[in-house]
Amino acid sequence: MKKSFTMLELIFVIVVIGILAGVAVPRLFTGVDDAEVAKVQSDVATIRAAISTRYGKNIMAGNDNCPSLETDPSDNQLFEGILTYPIKKNSGTVKWDGNGSDYNVTINGNVITFEYLNNSENNCKFECKDNCSVIGE
């Protein structure tokens, strides 16, 4: 007596694997989109915290000027004036671009616009201006 699988058993296994793949693949891509949104939320929170920290240090030193976000606007990095590890312009799946006062981030085909209010009357705010709902703001 030979021990082997029948054709019916093999077809059944293939159908079960197909159903599992049909359920798992869409969830995989949804997870990637959620991770990109979480990255932008984390980046924005980090930028805001760094601005606040630098502004606080300036005030303690007797200088009430907002910090400059960029040290060299022509280079390939953003926020090097406040972050230890700057964000690279237009790299990866989440693409940042900006000029020191206006910034854009592209995520999942949506462009989110931010503005840096570089004056002490506005407490050096880094605020979302357009498509804010994409990242939950």
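Reader: Is E137 buried or exposed, or something in between?
Author: E137 is partly exposed, because its relative accessible area is 42%. Buried means under 20% relative accessible area, exposed over 50%, and partly exposed in between, with a 1.4 Å probe and protein chains only. This is a predicted model, where local features need pLDDT of at least 70, side-chain atom pairs count only at pLDDT 80 or more, and totals for chains, interfaces and linings use all residues. Residues are numbered from 1 along each chain as its sequence is written, and side-chain values use heavy atoms, with hydrogens and water left out.

Reader: Which residue forms a salt bridge with E137?
Author: R48 does, with the closest N and O atoms 3.1 Å apart. A salt bridge here is a side-chain nitrogen of Lys or Arg within 4 Å of a carboxyl oxygen of Asp or Glu.

Reader: How many salt bridges does the count come to?
Author: Four. Among them are E115 with K129, at 3.4 Å between the closest N and O atoms, and E127 with K129, at 2.9 Å. Shared partners join E115, E127 and K129 into one network.

Reader: Now the sheet. What is the strand order?
Author: The order is β3-β4-β5-β6, in an open sheet of four strands with antiparallel pairing. Two strands pair if DSSP finds at least two bridges between them. The edge strands are β3 (95–98) and β6 (126–130), and each pairs on one side only.

Reader: How many bridges join β3 to β4?
Author: Four bridges join β3 to β4, which covers residues 102–107. K95 stands opposite T106 in β4.

Reader: On to rings. How many aromatic pairs are there?
Author: The whole structure holds six. One of them is F79 with F126, edge-to-face, at 5.9 Å centre to centre and 85° between the planes. Rings of Phe, Tyr and Trp (its six-membered ring) pair if their centres lie within 6.5 Å; planes under 30 degrees apart count as stacked, over 60 as edge-to-face and the rest as tilted.

Reader: Are F79 and F126 buried or exposed?
Author: Both F79 and F126 are buried. F79 lies in the loop between β1 (77–78) and β2 (87–88), and F126 in strand β6, 47 residues apart.

Reader: Which residues make up the ring cluster?
Author: Ring pairs link F79, W96, Y103, F114 and F126.

Note on methods. Helix = DSSP H or I, 4+ residues; strand = E, 2+ residues; numbered from the N terminus.
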